[in-house]
Amino acid sequence: MEIARAAAGLFVRHGLRATRAEDIAQAAGIAPRTFYRYFATKEEAVAPLYAAGAHRWVEAVREAPAGLSLPQALEHAVRHTLTPGVGVSASSWEWVRTLIRMSEASPALRKVWAEVCRGSEDTLVEVLVERAARTEGDDNVAGSGHPELRFTAAVASAVVRVAVESWAAGTAPMTGPEGPAELALRNLGALRDFRWG
């Protein structure tokens, strides 16, 4: 994670183009060959930061109280992961904003973001399978055998991804009606009639 933080800090301070993999290695206190052992490109170095946020989101869905419906569990997860100060500092949110903005101009960084989002969606399928098994008392629920759970995970993931990207594209503060949590909650509200599986 130190390499990822070093990369993000350099990208935010100096820009993506001005930052070389060697600069990231130096800032992280490692040799360039060590950097390349873990990452093929400088853009890939921030993947662990993206993944940490995605992991927090999926784990918040997993840890939502069992008695909640799936839409309620998703709302619970949104409040626990997209509210600044709850697990993620305000400065980290500003890094997220800058890195997502940079991804719009960098196909390589956009690819890293997309891959992390897809991995998070795959993990969310597993979580939804677990919730379905607990709710239905059916140990035979399987993600690959239930395309509706894959679709549900894709929709839930899009709710969060679009909220974060929309917030990052603007200048709104992290809290309030245009913050990532409120945007995600509105996205969920727009899906009131969606069959959540």
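A pocket is an open set of grid points with protein on both sides within 12 Å along at least five of seven lines. Keep that idea in hand as you look at this predicted model.

Figure 1. The C-alpha trace spans about 50 × 35 × 25 Å along its principal axes. How does the radius of gyration fit a compact globule? For 197 residues such a globule would have a value near 16 Å, and the 18 Å of the protein chain agrees with this.

**Figure 2. The largest pocket has a volume of about 610 Å³.** Its lining is made by 27 residues, and Leu49, Tyr50, Gly53, Ala54 and Val96 lie nearest the centre. Helices H4 (47-63), H6 (90-105), H7 (107-136) and H8 (147-169) each give two or more residues to this lining. Which helix gives the most? That is H4, with 7 residues. Sorted by class, the lining has 17 nonpolar, 7 polar and 3 charged residues.

**Figure 3. Here helix H6 meets helix H8.** Two packed helices are described by the angle and the distance between their axes. The axes of H6 and H8 come within 9 Å and cross at roughly 90°, which means that H6 is roughly perpendicular to H8. On the H6 side, the contact is made by Trp93, Glu94, Val96, Arg97, Ile100 and Arg101. H8 brings Val164, Glu165, Trp167, Ala168 and Ala169. By class, this contact has 7 nonpolar, no polar and 4 charged residues.

Technical notes
Residues numbered from 1 in each chain as written. Predicted model: local features only at pLDDT ≥ 70, side-chain atom pairs only at ≥ 80, totals over all residues. Heavy atoms only, no water. 1 Å grid on protein atoms, 1.4 Å probe; cavity = no way out; pocket = protein on both sides within 12 Å on 5 of 7 lines; lining within 4 Å. Points joined across faces, edges and corners; volume = space filled by probe spheres on them. Helix = DSSP H or I, 4+ residues; strand = E, 2+ residues; numbered from the N terminus. Nonpolar A, V, L, I, M, F, W, Y, C, P; charged D, E, K, R; others polar. Axes fitted to C-alpha atoms, helices over the stretch in contact; angles between N-to-C directions. Parallel < 35°, antiparallel > 145°, perpendicular 65-115°, else oblique. Contact = heavy atoms within 4.5 Å. Rg over C-alpha atoms; globule rule 2.2 N^0.38 Å.
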